[in-house]
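I opened the model to look up a few things and kept notes as I went. The entries follow in the order I made them.

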2 protein chains.
Amino acid sequence: MSATMTRSGQTDRESRSSRPPRVAMVGAGQLARMTHQAAIALGVELRVLADSEADPAVTAGAAHLIGSPESLGDLQALAAEADVVTFDHEKIPPEHLSALEADGVLLAPSPAAKLFAQDKHAARRELSARGFPVPPFILAGTRDETERFGDEHGWPLIGKVVRGAYDGRGVFELSDLDAAVRALDEVGPFLLEPRLELRRELAVLVARSVTGEVAAYPAVETVQRDAMCREVLAPADVGHGLAEEARRLALDIATGIAATGIVAIELFETQAGLLVNELALRPHNSGHYTIEGCVTSQFEQHLRAVLGWPLGATDAVAPAVAMVNVVGPDDGSDPAARIEGALSVPGAHVHLYGKQSRPGRKLGHVTVCGDDLESARAAARRAAAALEGSS
Amino acid sequence: MSATMTRSGQTDRESRSSRPPRVAMVGAGQLARMTHQAAIALGVELRVLADSEADPAVTAGAAHLIGSPESLGDLQALAAEADVVTFDHEKIPPEHLSALEADGVLLAPSPAAKLFAQDKHAARRELSARGFPVPPFILAGTRDETERFGDEHGWPLIGKVVRGAYDGRGVFELSDLDAAVRALDEVGPFLLEPRLELRRELAVLVARSVTGEVAAYPAVETVQRDAMCREVLAPADVGHGLAEEARRLALDIATGIAATGIVAIELFETQAGLLVNELALRPHNSGHYTIEGCVTSQFEQHLRAVLGWPLGATDAVAPAVAMVNVVGPDDGSDPAARIEGALSVPGAHVHLYGKQSRPGRKLGHVTVCGDDLESARAAARRAAAALEGSS
């Protein structure tokens, strides 16, 4: 904890006042890009570890270092002179994070907390051990284990690679034991769970500061298509009781695992109640709507949390907010060239990430605040469709 | 108009889709900094002409060129490959703007419109000639002219240098004829006007696109201290009739002078009605509140307008919005070092410009949205005072 003390302690106040606070972020995608926008207002210098000069946060003007999260040397160079190191993604070797922590670098989240987003099996096991509701699961390593789980829960089952699954990649449906055995041959041990009957998928964002202060955003509904989050509806239309239960659960998890920064808790709403699907310990697609839809955006909140600054209000600023992702169309065309159609939709807030268009790639999003979810969603869809060229 | 046609015409669509739209901005202060934040979301590349690497837009990561607005060569270099050139300030020699225009550069605003912000006397004369209500004025060049104007309107009078006045600099009160004559000796001919009895100062922002589309924001009250805008209250508490009259007047002026981009129309509310004080043809301090307070911020709106994109909605998103500037304290200390105090004020949106602290310098602002002006203003003042170290 000595890094924390040095960073926010009184003794360091003088040196801090002579330069802006410095936050280092591993990764330079759209999350880093939008964090940079928030950093500008706060006078915070964001420095990102980027793959290339074309990365979304780099073209937005964040200070940057070109390198790889697989290289401990690059991570150390990024961390040098930063007040705190945080993340735009999960793809950092945990052993590198432990090495940085051992060097006295303040990481937010800590390596131990980050693992809840990096290792799906460890997360399930730990959350379950702490009494949080999770779907039935095993780490399937052998034919026999897989068969027993199938006998108990019925086929088809869902398999998920333990590390590196993202936006549907690494998640597969297994129709029967033969398919499961083929998958074991291909990817090795994987997380196995039943195909649950879901009412909805929900998400709750929680900010937890390095000081321990916590703040939860309202529960939202996330709508998936092709296993990728495509729409977010805020607030989730689930009734006050369930929304509060989700929020409480998310706060308990964030506190229980000592997360720091933004943590997104993805939940399944089933007939039997809420189950924790997975966690992301970083700003999250389910929170993009907060830029216009809440008093404090998740990106500003993340910066406040990792710097140990007071957290901002998480209240919504409109009765209903809808966010629709803009995804690269099949013809490879660039949504940016069709921005005028989206801007002509009243109230549409367009966010483009400056990424090269590729079919199925998240290239931007649109948010609309309104009086009811139906009209906000319709407007956001219209603007997103204009960008995707499908209107 | 050929530049406009090339920029937004169908023939150029293909080449445009292969790179982001490029907006060049002369100046790299806080207005350029906040324009850059808006540019990121729209996927627009902002390139600024900066005095130094320490300028607010440069530290925010805008693409930049170090140079001087006094140099035609630097302006030409800035304009090269930009779709449109716009401005963060007024201090560009009008003859340079005319030269750029003659070269086919699309300027928004045009040199002719920009002059309404650059030359206080020409603006008064032209607005008066077009029938817009302005205060009584003369261009005082001799003792005799000055004496006659004093006899007619009574001392003290207000003198304003014709070019370069800003935030109270270049504006002076003249107690009597002797003082006026001394001022003539010092600064040469200046704009002379009566010291008016003001009820309030108001401002209306209008966006006018290069396509001719216009949109006006609600009338706001601007509160000056030491001749510098210190607070903005939105909407102005003036009753619907006067607010609409102000909005109508502002729309007529923006259209009448063929402004493009954001134009701020500053108005005096007097017993005799509204008078036009001065214009700024750029984003303006009276519009900083629009970032959180209106559906479309003035900075995004400025980009839409200069690029010929559809204008966004100008509606307020809250019943009341208060903006308070953060000004460098007399002890020279840096408000950024006290940010935590401001962030602890619920609902306070803090914007720091990354400028070196100097007494009296605008270093940032705070905006609070609320249900009533009184509480929003109190909260914004509390946060600004925390930053200034005066709380």
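**Entry 1: the sheet in chain A**

I began with chain A of this predicted model. I found an open sheet of four strands there, ordered β3-β2-β1-β4, with parallel pairing. I then looked for the edges: β3 (63–66) and β4 (84–87) of chain A each have a single partner strand, so one side of each is left without a neighbour in the sheet. From one strand to the next, the twist averages 25°. For my own reference, I noted that strands of a sheet pair through backbone hydrogen bonds, either parallel or antiparallel.

I followed one pairing down to residues. Strand β2 (residues 45–50) of chain A pairs with β3(A) in the parallel sense, over four bridges. Which residue in β3(A) is the bridge partner of A:Val48? I read off A:His64.

Next I checked what lies across the sheet. Helix α5 (residues 72–79) of chain A lies across β1 (22–26), β2, β3 and β4 of chain A. Its direction is at about 170° to β2(A).

I went through the backbone angles with a general rule in mind: most residues other than glycine have a negative phi, and most peptide bonds are trans. A:Glu81 is not a glycine, yet I found it with a positive phi of about 70°. I placed A:Glu81 in the loop between α5 and β4 of chain A.

Then I turned to the peptide bonds. Is the bond from A:Ala108 to A:Pro109 cis or trans? I found it cis, with omega near 5°. A:Pro109 lies in the loop between α6 (94–102) and α7 (111–118) of chain A. B:Pro109 sits in the loop between α6 and α7 of chain B.

**Entry 2: the sheet in chain B**

Four strands make an open, parallel sheet in the order β3-β2-β1-β4. Its edge strands are β3 (63–66) and β4 (84–87) of chain B, and each pairs on one side only. The twist averages 25° from strand to strand.

Within β3(B), B:His64 is the bridge partner of B:Val48. Helix α5 (residues 72–79) of chain B lies across β1 (22–26), β2, β3 and β4 of that chain, and runs at about 170° to β2(B).

**Entry 3: salt bridges**

I asked for the salt bridges over all chains and got 40. I looked at one of them, where the side chains of B:Glu90 and B:Lys114 meet at 2.7 Å, N to O. B:Glu90 lies in the loop between β4 and α6 (94–102) of chain B and B:Lys114 in helix α7 (residues 111–118) of chain B, so this pair ties together parts that are 24 residues apart in sequence.

**Entry 4: where the chains meet**

I finished with the interface. The contact takes 30 residues from chain A and 30 residues from chain B. The area buried between the two chains is about 2700 Å², and carbon and sulfur atoms give 55% of it. Which three residues supply more of the area that chain B buries against chain A than any other three? I got B:Ile40, B:Glu340 and B:Leu343, which supply 21%.

How many salt bridges are there between chain B and chain A? The count is zero. I did find 11 residue pairs in polar contact across the interface, both residues being at pLDDT 80 or more.

On the side of chain B that touches chain A, α2 (13–17), α3 (30–42), α13 (298–307), α14 (339–343) and β16 (349–352) each supply at least two residues. The largest share, six residues, comes from α3(B). By class, I noted 14 nonpolar, 10 polar and six charged residues on that side.

Conventions:
Residues are numbered from 1 along each chain as its sequence is written. Chains are lettered from A and ligands numbered from 1 in the order in which they are written. Side-chain values use heavy atoms; hydrogens and water are left out. Two strands pair if DSSP finds at least two bridges between them. Axes are lines fitted to C-alpha atoms, for helices over the stretch in contact, and angles run from 0 to 180 degrees between N-to-C directions. Contact means heavy atoms within 4.5 Å. Buried area is the accessible area (1.4 Å probe) that two parts lose on being put together, summed over both. A salt bridge is a side-chain nitrogen of Lys or Arg within 4 Å of a carboxyl oxygen of Asp or Glu. A polar contact is a pair of N or O atoms within 3.5 Å; within protein, one must be able to donate a hydrogen and the other to accept it, and residues adjacent in sequence count only if both atoms are side-chain atoms. Ala, Val, Leu, Ile, Met, Phe, Trp, Tyr, Cys and Pro count as nonpolar, Asp, Glu, Lys and Arg as charged, and the others, Gly among them, as polar.
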